[in-house]
Amino acid sequence: MRMSRRSLLAAGTAAAALTPLPAAAVPAADSGHRLRTGFERLAASGYASLRGGRVGVVTNPTGVTRDVRHIVDVMHGDDRVDLTAVFGPEHGFRGTAQAGGSEGRYDDPATGLPVYDTYLKSGQPLADVFTASGVDTVVFDIQDAGARFYTYIWTLYDCMEAARLAGKRFVVLDRPNPVTGRAALGPVLHKEFATFVGRQPIAQAHGMTVAELARLFNGEFLEKPVELDTVLMSGWRRSDFYDASALPWVPPSPNMPTADTALVYSGTCLFEGTNLSEGRGTTRPFELLGAEGVDGRWAAAANELGLPGVYFREAYFAPTFSKFEGKTVGGVQIHVHDRAAFDPVRTGIALLVTARKVWSGFAWRSDNWIDKLTGSTQVRTMIDAGATTDEVVAAWQEELAAFRGTRREYLLYR
């Protein structure tokens, strides 16, 4: 990809908001400065960039301080900011809904603030929600998991577009990518496969923070740029995993219980597109995979590949909901022993290839959901044709290289 007209336009209209902080303001994580999130830095400024306007926040249970107070509760109690509305994504503002659900419109019992539902809304209908709320500025603060099909980044995209349509300013408070920002990995979405698990052509594991993604969306994909401001972290390095942040992990969704889940998710979520369980309904979703009739041959075949940083253990489990609810199934548990060497997307492909090889019952979901997750028909058709892991991975390298070049223009941290 090349620097587009939209990139140049976005740079001109929001240069001050999008200029990276000077190096002295973004210390390395090992320089004696602890990581501070975008919200921490915003609060430390006395909410200077939000003064003089009515504010609404797009957030969920992950929008917390390091002492696990929710930022909505904190802002509501501070007269330096005029917080007047909250916008809840999938799973809801307070996180009461399962996958594919939301909380609807209600008044928050803790603060009395009106909570508006953004889930499955985009374009003008979502712009109408922002207009009805009466806010001047929409603030986004949600912890991402680092994968293209994790829907909160598309909530970000949809809210940016809707804020532009409604004439609202948009502010992104940055948080760490929990699986580092070292590299983009995996296939790039083809636009004809765009859905809520992938609106635009980015890599399956994007290797960016939400503030960096916001800059990318504004410069490359929105029809016209929104008035965008980003409040960056200090003390975060691209090589940092989540535990380096010393921040509490709050599950961003019910099936993302730990940062270890996020480590494998960008690869093993592909099993949503198959008839195997992706581990929903267990204590280790996306780390446990299996189905009735699968035995130890799968773990053996996967281990024979010698994939870097990971071992596979023969495992048996009984999901309490979702696929195979209440039934004991066989499969594998993924054990990452060297997370710096581990490639989640290659690993996910290898597990699909070996599952199809050793289990005669293997099948794709009848709606070809795998194509929405991978971003094209390529992975499915190549695996069906008997391609190896290396052959499948090689097939997306040209598109991935182009995305990496575009991505580089929007990175904000060393």
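1. Helix H6 supplies the largest share of the lining of the second largest cavity, three residues. Helices here are DSSP runs of H or I with at least four residues, numbered from the N terminus. The model is predicted, with local features requiring pLDDT of at least 70, side-chain atom pairs counted only at pLDDT 80 or more, and totals for chains, interfaces and linings using all residues. Residues are numbered from 1 along each chain as its sequence is written, and side-chain values use heavy atoms, with hydrogens and water left out.

2. The second largest cavity has a volume of about 50 Å³. Its lining consists of Pro-89, Glu-90, Thr-118, Tyr-119, Leu-120, Lys-121, Leu-126, Thr-155, Asp-158, Cys-159 and Phe-196. By class, this lining has six nonpolar, two polar and three charged residues. Ala, Val, Leu, Ile, Met, Phe, Trp, Tyr, Cys and Pro count as nonpolar, Asp, Glu, Lys and Arg as charged, and the others, Gly among them, as polar.

3. A search of the whole structure gives four cavities of 30 Å³ or more. On a 1 Å grid over the protein atoms alone, a cavity is a set of points where a 1.4 Å probe fits but cannot get out; a pocket is an open set with protein on both sides within 12 Å along at least five of seven lines; lining residues have an atom within 4 Å of a point. Grid points are joined across faces, edges and corners, and a volume is the space filled by probe spheres set on the points.

4. The largest cavity holds about 70 Å³ of space. Among the residues lining the largest cavity are Arg-66, Gln-143, Arg-175, Tyr-242 and Trp-249. The lining of the largest cavity divides into six nonpolar, three polar and two charged residues.

5. The largest pocket has a volume of about 400 Å³. Of its 25 lining residues, Glu-90, Ala-99, Thr-151, Glu-272 and Arg-280 are the closest to its centre. The lining of the largest pocket comprises 14 nonpolar, five polar and six charged residues. Glu-90 also lines the second largest cavity.

6. The axes of H6 (residues 152-166) and H7 (residues 210-221) come within 10 Å and cross at roughly 45°. The two helices are therefore oblique to each other, and their crossing is right-handed. The contact (heavy atoms within 4.5 Å) involves Ile-153, Trp-154, Leu-156, Tyr-157 and Met-160 of H6 and Val-210, Leu-213, Ala-214, Phe-217, Asn-218 and Phe-221 of H7. By class, this contact has 10 nonpolar, one polar and no charged residues. Axes are lines fitted to C-alpha atoms, for helices over the stretch in contact, with angles from 0 to 180 degrees between N-to-C directions. Angles under 35 degrees count as roughly parallel, over 145 as roughly antiparallel, 65 to 115 as roughly perpendicular and the rest as oblique. A crossing is right-handed if the near helix is turned clockwise from the far one by less than a right angle, and left-handed if anticlockwise.
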